[in-house]
Amino acid sequence: METLMTILVGFLVMIAVYLLLSRNLIRVILGTAVLSHAAHLLLMTMGGLKKGSAPLLGEDAESYTDALPQALILTAIVISFAVTAFLLVLAYRTYKKTGTDNLQELRGFEDE
Amino acid sequence: MNNIIAMPMIIPLLTGIILVFLRHNTKTQRVLSILSSIATVAVSLVILHQIQQEGILRLDFGGWLPPYGILFVADSFSMLLVATTSIVTGILLIYAFSSIGQQFEHMFFYPFVFFLVAGVNGSFLTGDLFNLFVCFEVMLLSSYVLITMGGRKVQLIESIKYVTINVLSSWFFLMGIAYLYGTIGTLNMAHLSVRIAEVGQGPLLTVISLIFLIVFSLKAGLLLYFWLPGSYSAPPTVIAALFGALLTKVGMYALFRVFTLIFYHEPIITHTAIGVMAILTMIGGSVGALAYNDIRKIVSYNVVIAVGFILAGLAISTEVAFQGAIYYLIHDMIVKALLFLLAGTMIYLTGKTKIEEMSGLIRNYPALGWLFFITMLSLAGIPPLSGFIGKVFIGQGAIESGSFALLIVAFASGIFVLYSLLRIFLNCFWGETIINEDDDVPLKKGMLVPCILFAIMTVAIGIGVEGLAPYVSDAARTLMNPEIYIEAVLQGNR
């Protein structure tokens, strides 16, 4: 299961890198969103995937799920949500101001 | 419990939240922000003093004992930086009062400055790697807002690069955390250090340490500084000064912490990598500082050179070199803030940004000219000023450990700093004045006073270095002997 998840993470990173390298601003933002989800999945995988046990470690518990990765991911998701929201607003403002969302055309600007 | 050590983060955070609601009340915002800055400075000085008495302090949140809970750890190194941060922010706020303008003050300028400071102080204080990530993000999100504030075209375009590169480095950070948790099974920095010392820093852990090197190099501007000059020269003066003084320093702090506390077993790989990166950073920064005619660009490249110089101290990795690096960090926070303020003030007064478009400013604004002269000498490391002591110690450390390549480049970079600033000084302050008496823009007192305060601080640190010495040597001793830190965090719990 872990191997499968790791491959999936790699696949997501591949898509994200492709999107990040494109010229369209919205694609770049989508790329960052996919990238952060890849990181979240990786965190989950690295914590170990176990089936069906509660995140409790008692005297007679045979197995337990490590709850820490979930807590980390939750925090990371909130942060990446905020950053993505900010980036989208930034992209909108930039489009309004410059009339383009093509990163190639945003180069070599003159100061106002 | 030592609840006091959470204060340097909580005070700015609460102030920021309160100020959000006082959006249209400029006067109250100003008074509250100054009071809060003073409170933060006072608290951090008290903690710094307390550490000398009682050793490293820690605060376990919610009573969860380490290594299970998140905790704040205050040692001399982090508290010196927290105290400097608070002082620098307070003085920069005074500059903001007269320069930033109503529009910014109504658009949540002060709250975001305080959120930024909360993130910076939190990063200095935390003892948990994931919490460090969270504090980084608090700081970065505020910096995203501050860099775009005002919404000029150049700011928007620069901030796209800035935000994207930081999202990418945050991703690397999360990757590093995931791998480290997968291999070691803990994220408490002291606990990580103990466990890595037990199992040995094998190739896998060294690779993970290099991921962290990439992350923090991106934040600190060590070699990976390509984003820095553009984004630091776009926002208004105060914000640029805040970034130049604080943001790269957090990355440097993290590098110091991680590579002295956690990954210190393979210095041949990691510390050599840092040394080579530091050399390349200093060379690249020097080239940049000489290549541009735009004052803001020259000043931004000076930040890059300082990054290389301070991290040369980490690469040398002896107690003397650490002392030098800490002195230089403190010095650099103060003087870079001053340098950015002076550059911004010159641009405000003349309306020009290129050095060849200004001339003879010292006739119109003698105080500004002399302040710039002091800054230049301080950055070049001339004795009675604060830059000197750091350079001496780093030089001494380099000679003792035989790192002559670092020594030569570090001191040559000092000459380039001096030359790049002399170019500004000769072009802009000397010569015939080209400003008519009619369109002579008056220099506001509120702009001059903070600059003078910073100049007094650089002189005071240079002369009164004896007073600072016990704190700095304690900080360097803790960096050199990670077991002191580990002992303080994991010892029998109070």
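# A walk through a two-chain model

Let us start with one residue: L223(B) is buried, because 23 other C-beta atoms lie within 10 Å. Buried here means that 20 or more other C-beta atoms lie within 10 Å of a residue's own, while exposed means 12 or fewer and partly exposed is in between, with the C-beta atoms placed from the backbone. L223(B) sits in the loop between α9 and α10 (228-232) of chain B. Its phi is positive, about 65 degrees, although L223(B) is not a glycine. Most residues other than glycine have a negative phi, and most peptide bonds are trans.

Before going on, a word about what you are looking at. This is a predicted model, in which local features need pLDDT of at least 70 and side-chain atom pairs count only at pLDDT 80 or more, whereas totals for chains, interfaces and linings use all residues. Residues are numbered from 1 along each chain as its sequence is written, and chains are lettered from A and ligands numbered from 1 in the order in which they are written. The model scores ipTM 0.92 and pTM 0.94. Chain B has an average pLDDT of 92, and 99% of its residues score at least 70; pLDDT is the predictor's confidence in each residue, from 0 to 100.

Chain A has three helices and zero strands. Helices (H or I, at least four residues) and strands (E, at least two) are DSSP runs, numbered from the N terminus. Of the 112 residues of chain A, 24% count as buried.

How do the two chains meet? In all, 24 residues of chain B are in contact with 26 residues of chain A, where contact means that the C-beta atoms of two residues, placed from the backbone, lie within 7 Å. On the chain B side, α6 (129-148) and α7 (153-184) each supply at least two of the touching residues. The most comes from α7(B), with 16 residues. Sorted by class, this side of chain B has 16 nonpolar, five polar and three charged residues. Nonpolar covers Ala, Val, Leu, Ile, Met, Phe, Trp, Tyr, Cys and Pro, charged covers Asp, Glu, Lys and Arg, and the others, Gly among them, are polar.

Now look inside chain B. The largest nonpolar core has 213 residues, of which L80(B), L311(B), I326(B) and A337(B) touch the most other members. Such a core is a set of buried Ala, Val, Leu, Ile, Met, Phe, Trp, Tyr and Cys residues joined through C-beta atoms within 7 Å. Helix α14 (residues 319-350) of chain B gives the largest share of this core, 21 residues. Leaving out residues up to four places away in sequence, L311(B) touches L222(B), M252(B), L255(B), I274(B) and A278(B).

Helix α5 (residues 109-125) has 17 residues, which at 1.5 Å a residue should span 24 Å, and its end C-alpha atoms are 25 Å apart, which agrees. The expected span is 1.5 Å times one less than the number of residues. Helix α5(B) is mostly covered, with 17 of its 17 residues buried. Among the elements of chain B, α5(B) also has the highest mean pLDDT (96), and helix α15 (residues 361-364) the lowest (85). In helix α16 (residues 366-380), 15 residues should span 21 Å, and the end C-alpha atoms are 21 Å apart. The buried residues of α16(B) include L368(B), F372(B) and L379(B). Just after α16(B), G381(B) takes a positive phi of about 90 degrees.

Chain B also has strands to visit. Strand β1 (residues 57-60) and β2(B) run antiparallel and are joined by four bridges; strands pair if DSSP finds at least two bridges between them. Across this pair, R58(B) stands opposite V73(B) and L57(B) opposite A74(B). In a regular strand the side chains alternate between the two faces of the sheet. In β1(B), R58(B) and D60(B) form a covered face, while L57(B) and L59(B) form an uncovered one. Strand β2 (residues 71-74) is covered on both faces, with L71(B) and V73(B) on one side and F72(B) and A74(B) on the other, all buried. In the loop between β1 and β2 of chain B you will find P67(B), and the peptide bond from P66(B) to P67(B) is cis, with omega near 5 degrees.
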